[in-house]
Structures are given as C-alpha cells and as structure tokens.
Amino acid sequence: QRPRRWVDSMWFAAISAFLILANTIIIGLECQDLANIENRRRYSRLELCFVVFYTIEMLLRICEHGCVAFFCSMDAGECGWNWFDFLITSFGIVSALLEEVAQVETNASVVRLLRVLRILRVFRILKFLR
C-alpha cells in the first residue's frame with residue numbers, strides 16, 4: 001500500500017480547516033463593516049493573504065497528486081471538489097489581481113458570493129476527517 005501523502009495528512013487538513021474558518025470569520029466581520037471605507041483596505045489585504053494560502057494549498061495538492069489525478073480522479077466526488085477548489089481559487093486570484101495590480105474595483109457582491117462559496121470547502125475537509 002502506498003504511503004499516505006503529505007497533503008492528505010490529518011494536520012494538513014486541520015490547518016486548512018482552521019484557515020477556512022478564519023476566512024469565514026473575516027468575511028462575516030467584513031459584511032458587518034461594509035460602510036467603513038477605511039477598513040476596506042484591511043479586509044482586501046486579509047483576503048489577499050487567504051488567496052495566497054488557497055493557491056499554495058491547491059498547487060501543493062496538484063504537485064503531490066499530479067495534474068491528471070487532480071483534475072480527472074477516478075473518484076467523481078474528489079474530482080468535483082478539486083474542480084470546485086480550482087475554480088474558486090482561480091476567481092479569487094483574478095479578483096485579487098484586478099484589485100491589487102490594476103486597481104479595478106470588482107463587483108463586490110459577486111466576489112463576496114465566491115468567497116462565501118469557499119466556505120463550502122470545509123465540507124470536503126470534514127469528509128476527509130471522518
């Protein structure tokens with residue numbers, strides 16, 4: 001039997017779950033503070049940190065499993081979660097680049113919806129922790 005992969009370890013899942021929950025709390029705080037223009041920049045920087053983490057996490061999993069196994073896994077459920085992670089992370093990267101580099105304000109409600117969808121990733125981790 002093949003040894004357990006690093007990205008499939010319990011502690012990697014725990015760190016991911018912790019950061020997803022932290023991101024959830026930040027999203028909640030941000031939604032309560034929408035009118036405060038001064039804090040928008042802080043929330044934007046925090047979101048950038050989360051996008052960097054999610055990108056690193058996804059790249060580690062792609063490197064560990066390989067592109068074909070990551071995107072075309074024999075397990076349809078796992079493949080679906082991988083595509084979900086890839087799409088949500090990609091949208092996060094595009095949004096962060098537009099805001100940080102091009103100084104373009106993205107549609108806040110769409111970006112917020114995508115960030116809330118990211119919270120669904122916790123269900124994937126809970127499935128793993130079973």
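User: In this predicted model, is Phe 86 buried, exposed or partly exposed?

Analyst: The model is a predicted one, and in it Phe 86 has a relative accessibility of 26%. Buried would require a value under 20% and exposed a value over 50%, so at 26% Phe 86 counts as partly exposed.

User: How many aromatic pairs are there, and which geometry do the rings of Phe 71 and Trp 83 adopt?

Analyst: The count of aromatic pairs comes to eight. For Phe 71 and Trp 83, the ring centres lie 4.7 Å apart and the planes stand at 55°, so the pair is tilted.

User: Which helices hold Phe 71 and Trp 83, and is Phe 71 buried or exposed?

Analyst: This pair links distant parts of the chain, 12 residues apart, with Phe 71 in helix α3 (residues 67–71) and Trp 83 in helix α4 (residues 76–100). Trp 83, at 36% relative accessibility, counts as partly exposed, whereas Phe 71, because its relative accessibility is 15%, counts as buried.

User: Which geometry do the rings of Phe 71 and Phe 86 adopt?

Analyst: Phe 71 lies in helix α3 and Phe 86 in helix α4, so this pair ties together parts that are 15 residues apart in sequence. The ring centres of Phe 71 and Phe 86 are 5.1 Å apart and their planes are at 90°, so the pair is edge-to-face.

Definitions and conventions:
Residues numbered from 1 in each chain as written. Predicted model: local features only at pLDDT ≥ 70, side-chain atom pairs only at ≥ 80, totals over all residues. Heavy atoms only, no water. Phe/Tyr/Trp six-rings, centres within 6.5 Å; stacked < 30°, edge-to-face > 60°. Helix = DSSP H or I, 4+ residues; strand = E, 2+ residues; numbered from the N terminus. Buried < 20%, exposed > 50% of the residue type's maximum accessible area, 1.4 Å probe, protein only.
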